[in-house]
Amino acid sequence: MTIGKRYGIIIMTFLIMLLTACTSPNNETNNASISKTTNELVFASTKDIRDINPHLYAGEMAAQNIVFESLVVNTADGVKAALAESWDISEDGKTYTFYLRHGVTFTDGEPFNSDAVKMNIDSVVGNIEKNSWLNLVAEIDETIALDEYTFQLTLKNAYYPTLQELGLTRPFRFISPKSFINGTTANGVNGYAGTGPYMLSEHVENQYAIFTENKGYWGDNPKIKSVKWKVMPDHQTILLALEKGEIDLLFGSDGDMIDSDAFKVLSNQGKYSTIISHPVGSRAIVMNSKQPITQDAKVREAFQYAINKEIIADGILNGTEQQADTLLAESVPYANLGLNGYQHDQQKSNDLLAEAGWELNKDGYRYKDNQKLDVTIYYNSDNAQERTISESMQNDLKQVGANLNIVGEEKQAYFDRQKTGEFDLMYSLSWGLPYDPQTYVSSWRVPSHADYQAQLGLDRKEWLDQTITNLMNEQSENERIQMYKDILTYIHEEDIYLPLTFSVTKAVHIQALKGVGFNISQYEIPFEKMYFEQ
Amino acid sequence: MGIYLIKRVLAIIPIILCLSFLAFVLINLRTSDPAEIALRVNQMTPTEDMVNAMRSTLGLDQPYFVRYFSWISKSIQGDFGESYVTHRPVAEHIATALPSTLQLAAVALLIIIVCSVVVGVLCALYEGSVGDKLMRAFVFLSAAMPSFWIGILLIWLFSVKLGWFDTSGMERVSSVILPAVTLSLGFVSTYIRLIRNNMIKNKNENFVLYARVRGLKESRITLKIFINSMQISMTALGMSIPKLIAGTVVVENIFAWPGIGRLCVSAIFNSDFPIIQAYILIMGVMFVICNLVVDMINMMVDPRLRKEM
């Protein structure tokens, strides 16, 4: 036998062995049912935690959330006590007095008291440039440490969502005064000492971060003593790591979550636990009341009937999100109004368009005064799902004689378009609880937002904006309920929004991991409530 | 030769200036406001006050050419500005990421050299054999398969199924192997073909016949054929080094390797202009300098080129 032939046979043998290894059945290296031997939870994220300074926005919120706490916390049952055990609100709604929890220390040994609270809040308010997106920051008038454990906050106006906004993941969370640099956090911090259930003990940039239990935590100590935040930019790699048993948990929405098809496959496989949260935010289309075609309320109403939301919810989103009949879910505060949604009804849509003067032509599209019923939807080209949803809508609208052009734009160009108002249709996603409804509705007054631009053609836009401003400072709960009812009903009846679904947060984890649930905010991950089955 | 070298070095300067200008201009051609981008990158909702403050912080209120000259003069001193995302010096990010990429590229280069020399020489010596045909098929397939797919397949086989390596990351010494193999596969196929084809051409040259007639040992003849076949491969390899360093983008993302490729991809998705500009400039300079070094080495190795000059 020649050397060449021998050489060829060796290679063939190697290839055959390799293929055999590929097809070996049911090998036990995938570890869905394996019990953990270490008490460390490995969580995969596509992003590094970066800088988790709680007063700034340069880090991952889920990491900030487990290290730093606020006076109060937002829960499904409303605002609850956290570092403040209780509080009083003055009759005029402008003065909040907080009675702080005793015996709490930051992880660097610094005591938590009203001086620390004042220092933190003053630093946030002093950095108004970075924090002006949040109304509360501009409303704070004065901060006083009345005594070691009593802290007073006075506002310029009786801003009703004060407690909700204090409880947000950022910026009103507390870091140890020793971590400040020159008396402020605006230019960075020299440590991450918080009061939360975990502390950051190791961070290798762009590779991983390790959070270990805060042994001196004032609350219930977490059962999982260490959380390793592993950075994996590629979703395929994440899935392979899950199969190998290198990671225990995937958590999040959109960017940090595998696509809905992969999620569905994992759900059906049964090897892992897959869970979906309560509706967290609204996924809707906003229609521009200032553009030539969509300024007609009948056209907007016709589009409501034309769109088949079932295909979107079940076909595209694989049943992970429920269909929305209203802009805000009824579980959102002040949004339980019993408003009626639109059922998919092509005939009704056709009738409305005909009534509006759009006549069907031989080419299958409608025309009026020689103008074709042609509208354009814009989406952020990073979001492939929005493209697919747009295509489904394009088909639905074609059935009623309307042509929908689909344009994907680079992220910043997309935001620029929101500012100029040069769009017929665009996606509008609320931030979810606890930002909804007040932060979302408040943003309708901001000219650089698509919502403002789309509402500009409404007869009562000025009234709408003024009512929003008034309700932010409305003291009476009953009055506030009525005001929200008025504005949400008006928006609903004007058909400015075409609600599609309510977005959700998803999680995939190994079966040995228990206690996996969701906080009210989609940006937080409740690691402190999880544990491994023994 | 010294004069030639000086001429070549001086010629680099206008090339690098053009490159730097292109790197600055292309990115600043965007119609979007960089100040707003710098805010949105951290999921902040920009208000007018915030945008104005950021514009001033980033020096975007300066005229265009003032900004360019400021950037280029600082870049020469190693100051590429601050990242929009982290607000830390770009140089710091690059200094952190570059060693990881160099490590990956070095291991990949070693694999490329060893595999392509061994396989290329064997294929040339046993031209037409079953082994040669199989290797050529392998070369064809590996050149056709995209690296992100090869990478995923390698992870699935060697990490998930066989359990030999971690799926990703840089936590163990062995973690470099799968990404380096993935990175090298695209180049190995090229060099196997180059070495094989050049050796086959050279083994039919007169000097080989003459050496055999003289009775020289076959191994020595093979070595000489190999050395004479290396010129093109060396030139290509020299240019591959910066390509290896710049081309780690896909591999670093799949394998979560914290190198400069991943830094660049994140910067692109985040519209982190300072990092993108610095990356383009550094990679461009690296290509230009590598090109010069390779030319010089070729000249030192091959007397025919010195005569031409």
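User: In this predicted model, what span should the 27 residues of helix α1 of chain B have, and how far apart are its end C-alpha atoms?

Analyst: Helix α1(B) covers residues 2-28. At 1.5 Å a residue it should span 39 Å, and this agrees with the model, where the end C-alpha atoms are 40 Å apart.

User: Which residues in α1(B) are buried?

Analyst: A residue counts as buried if 20 or more other C-beta atoms lie within 10 Å of its own. What covers the buried residues of α1(B) includes α4 (64-76) and α14 (273-301) of chain B. The buried residues in α1(B) are Ser20(B), Ala23(B) and Phe24(B).

User: Which residues in α14(B) does α13(B) meet?

Analyst: α13(B) passes α14(B) in a left-handed crossing. From α13(B) come Ile260(B), Leu263(B), Cys264(B), Ala267(B) and Ile268(B). By class, this contact has eight nonpolar residues, with no polar and no charged ones.

User: Which element gives the most to the side of chain A that touches chain B?

Analyst: The contact takes 38 residues from chain A and 41 residues from chain B. Elements of chain A that each supply at least two residues include α1 (3-22), β10 (226-231) and α13 (411-420). By class, the chain A side has 15 nonpolar, 11 polar and 12 charged residues. The most, eight residues, comes from α1(A).

Notes. Residues numbered from 1 in each chain as written. Chains lettered and ligands numbered in written order. Predicted model: local features only at pLDDT ≥ 70, side-chain atom pairs only at ≥ 80, totals over all residues. Helix = DSSP H or I, 4+ residues; strand = E, 2+ residues; numbered from the N terminus. Expected span 1.5 Å × (residues − 1). Buried ≥ 20, exposed ≤ 12 C-beta atoms within 10 Å, placed from the backbone. Contact = placed C-beta atoms within 7 Å. Left-handed = near helix turned anticlockwise from the far one by under 90°. Nonpolar A, V, L, I, M, F, W, Y, C, P; charged D, E, K, R; others polar.
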